[in-house]
Amino acid sequence: MPEALSADPILSLAHPETLPDPFPAYARLRERPPFFYEPLDSWMFSRHADCVAVLRDSARFAADWRRVGEQVPPQALSMLTMDPPEHTAVRRLFLEAMRDHAGEALERAIAARTEELLSELARRPSFDVRAELAEPLALSATCGYLGVPVPDAASTSRIAGVVGAAMDAGLWPERAEPMGAAYGELAGLVAGWLADPPEHGVVGDVVRRAAESDVPAPVIANTVRALFFSGYSSGSKLLALALVAILHDRAVGLAELRDADIVRAVDELVRFAGPVQAVARACVTDTEVGGTSVRAGQGVTLLLGAANRDPARFPRPETVLPDRHPNPHLGFGRGPKSCLGSPFMAVFARVVLGTLADRHPSVRPLGDPAFLPNLTLRSLDRFEATLR
């Protein structure tokens, strides 16, 4: 159906009939050779092996587009947009600061807040999974992890929506303009945290360690902003999409999760329902990926959502196997640029889903989920459920 609705294989993914289940369209993309997509001026790769080859090769494929002559504004320079060796120094600073903050204390805090919120929602006839469960829990957990005050929930949700939509500005240029103001609001939050660093949490540790590092202060601030956005936005989207897979699609039951190795089960949900659908790189030197010649200066888009269902890498890719192992999914990236916050997001999803399975195993959906037309960061719009 989507192919008939649009001859464009990428824009078809945003059609209302495709958004609830883009994976058949991804399967069609995997069946065709990699292709050059003119609207994004980029090669499109959808097979797992090709995506891994690019993600592991930071020498030939850059996350830092300055390496191919692009102008990158100062506010965009962070650990996420740098390559080694610059990236290595920033990553080391943050890794050392984060090492001691994703342990049992964080798990207890997430569990307590989850039980509190579920008790509130249980008194109501229904609730919205995204706005009233996933986002509030992700916001409190992320701020607790970072050690910073919890900002206004409505404003944070609005900002995250603008930034998430702007990730597709290459397809819809009108989405780019609001992003500047949204970034400004996030930058203001971070500036306050860094000016008065907390005694506990990741941000305080980063500030204390930064004095002995050579990492520029603006890069530290931009990386804290990226870490906050990733924890809140990607964490809430992962939880919301996992609950769609569990409650609506019945891809796996809460009882199965409770009885399985929860660490492996969450890893499998990241593969099956993770929000990050695509990442981009710039080719630095003429090279070849999976038999496709890519020239220096060209863009490369990796369709991770397609790669994570590649039958050449995952047996029974359309089935949630809670004990799947090994599970080389790309939901948190791969190689030197793999997601720094993945341990936090895994803990967050594991604790919330485990608490829900223990306290409210009869949770059920009320209607179908609705999705936003976002392609890079798959985003739930609304999904009603009840704990009664």
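In this predicted model, Glu132 is partly exposed, with a relative accessibility of 25%. Its partner is Arg124: the two side chains meet in a salt bridge with an N to O distance of 2.6 Å. Arg124 is likewise partly exposed, at 33% relative accessibility. This pair is a handy way into the salt bridges of the model, of which 19 are counted.

Another of these salt bridges joins Asp64 and Arg66, whose closest N and O atoms lie 2.6 Å apart. The surroundings of the two residues can be read from their accessibility. Asp64 has a relative accessible area of 4% and is therefore buried, since the cut-off for this class is under 20%. Arg66, at 32%, is partly exposed.

Arg359 belongs to helix 14 (residues 342–359) and Glu115 to helix 5 (residues 104–122), so the contact ties together parts of the chain that are 244 residues apart in sequence. Arg359 counts as exposed, at 53% relative accessibility, whereas Glu115 counts as partly exposed, at 33%.

Attention now turns to the strands. Strands of a sheet pair through backbone hydrogen bonds, and they may do so in a parallel or an antiparallel way. Here, 5 strands form an open sheet with mixed pairing, in the order 1-2-8-5-3. Strand 1 (35–37) and strand 3 stand at the edges; each has a single partner strand, so one side of each is left without a neighbour in the sheet.

Strand 1 pairs with strand 2 (residues 42–45) in the antiparallel sense over 3 bridges, and Phe36 stands opposite Trp43 in strand 2. Helix 3 (residues 48–56) packs on the sheet, where it touches strand 2, strand 3, strand 5 and strand 8. The direction of helix 3 makes about 125° with that of strand 8.

Further along, strand 8 (residues 299–303) and strand 5 are antiparallel partners over 5 bridges. Within this pairing, Val279 stands opposite Leu302 in strand 8. Strand 5 (residues 278–283) also pairs with strand 3 (residues 61–62), again in the antiparallel sense, over 2 bridges. At this place Phe61 stands opposite Cys283 in strand 5.

Helices meet one another as well. The axes of helix 8 (residues 177–195) and helix 10 (residues 217–248) come within 9 Å and cross at roughly 110°. An angle from 65 to 115 degrees counts as roughly perpendicular, and helix 8 and helix 10 are therefore roughly perpendicular to each other. The crossing is right-handed. From the side of helix 8, the residues in contact are Tyr183, Leu186, Ala187, Leu189, Val190, Trp193 and Leu194. They meet Ala221, Val224, Arg225, Phe228 and Phe229 in helix 10.

Most residues other than glycine have a negative phi, and most peptide bonds are trans. Asp41 is not a glycine, yet it has a positive phi of about 50°. This residue lies in the loop between strand 1 and strand 2 and counts as partly exposed, at 47% relative accessibility.

Arg250 also has a positive phi, about 55°, although it is not a glycine. Its place is in the loop between helix 10 and helix 11 (254–259). With a relative accessible area of 66%, Arg250 is exposed. The C-alpha atom of Arg250 is separated by 9.6 Å from that of Val320, a residue 70 positions away along the chain.

Pro326 is found in the loop between helix 13 (304–307) and helix 14.

Terms used: Residues numbered from 1 in each chain as written. Predicted model: local features only at pLDDT ≥ 70, side-chain atom pairs only at ≥ 80, totals over all residues. Heavy atoms only, no water. Salt bridge = Lys/Arg side-chain N within 4 Å of Asp/Glu carboxyl O. Buried < 20%, exposed > 50% of the residue type's maximum accessible area, 1.4 Å probe, protein only. Helix = DSSP H or I, 4+ residues; strand = E, 2+ residues; numbered from the N terminus. Pairing = 2+ DSSP bridges. Axes fitted to C-alpha atoms, helices over the stretch in contact; angles between N-to-C directions. Parallel < 35°, antiparallel > 145°, perpendicular 65-115°, else oblique. Left-handed = near helix turned anticlockwise from the far one by under 90°. Contact = heavy atoms within 4.5 Å.
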